Amino acid sequence: RGRRGGGGMPGAKRSRQCTNPSCLYPTESPQFYHIEEGKVAGGKDWTLLVGEVLCKACFDRFRYSGTLERRYSKHPVRAEDQSCCSNEGCGRACKASQLTAIEE
């Protein structure tokens, strides 16, 4: 099972950097988790992440969603950047008070 701070063998150097390539802040986390064989957190399949080190944000994202990919931008799109919703099924396409960019 994964352990906080890196885990691994006693005396082993503990990694303090997230290995997720899409992590925004790979060295700035209160906790890091070394993913070991047999990890079952969140009922997800952690097999492909064995040997990786995840920061708390990436660990929680995978535990809850089963993916390391971010779905939404942290910053809403400003009105001057885009004035209408690009979702074809949106009933308020050009009347929305706030628009949010969604990463593909």
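Phenylalanine 59 is buried, with a relative accessible area of 4%, where buried means under 20% relative accessible area, exposed means over 50%, and partly exposed covers what lies in between (1.4 Å probe, protein chains only). The model is a predicted one, in which local features need pLDDT of at least 70 and side-chain atom pairs count only at pLDDT 80 or more, while totals for chains, interfaces and linings use all residues. Residues are numbered from 1 along each chain as its sequence is written, and side-chain values use heavy atoms, with hydrogens and water left out.

Tyrosine 33 and phenylalanine 59 are stacked, with 4.1 Å from centre to centre and 15° between the planes. This pair links distant parts of the chain, since tyrosine 33 belongs to strand 2 (residues 32-34) and phenylalanine 59 to helix 1, 26 residues apart. Helices (H or I, at least four residues) and strands (E, at least two) are DSSP runs, numbered from the N terminus. Tyrosine 33 also counts as buried, at 10% relative accessibility. Beyond this pair, one aromatic cluster is formed by Tyr33, Trp46, Phe59 and Phe62.

Charged side chains come next. The structure holds two salt bridges, a salt bridge being a side-chain nitrogen of Lys or Arg within 4 Å of a carboxyl oxygen of Asp or Glu. In one of them, the side chains of aspartate 60 and lysine 56 meet at 2.9 Å, N to O, and both residues lie in helix 1 (residues 56-65), four residues apart, which is about one turn of the helix. Aspartate 60 counts as buried because its relative accessibility is 16%, whereas lysine 56 is partly exposed, with a relative accessible area of 29%.

Arginine 63 also forms a salt bridge with aspartate 60, and here the closest N and O atoms are 2.8 Å apart. Arginine 63 and aspartate 60 both lie in helix 1, three residues apart, again about one turn of the helix. At 24% relative accessibility, arginine 63 counts as partly exposed.

Note on methods:
Rings of Phe, Tyr and Trp (its six-membered ring) pair if their centres lie within 6.5 Å; planes under 30 degrees apart count as stacked, over 60 as edge-to-face and the rest as tilted.
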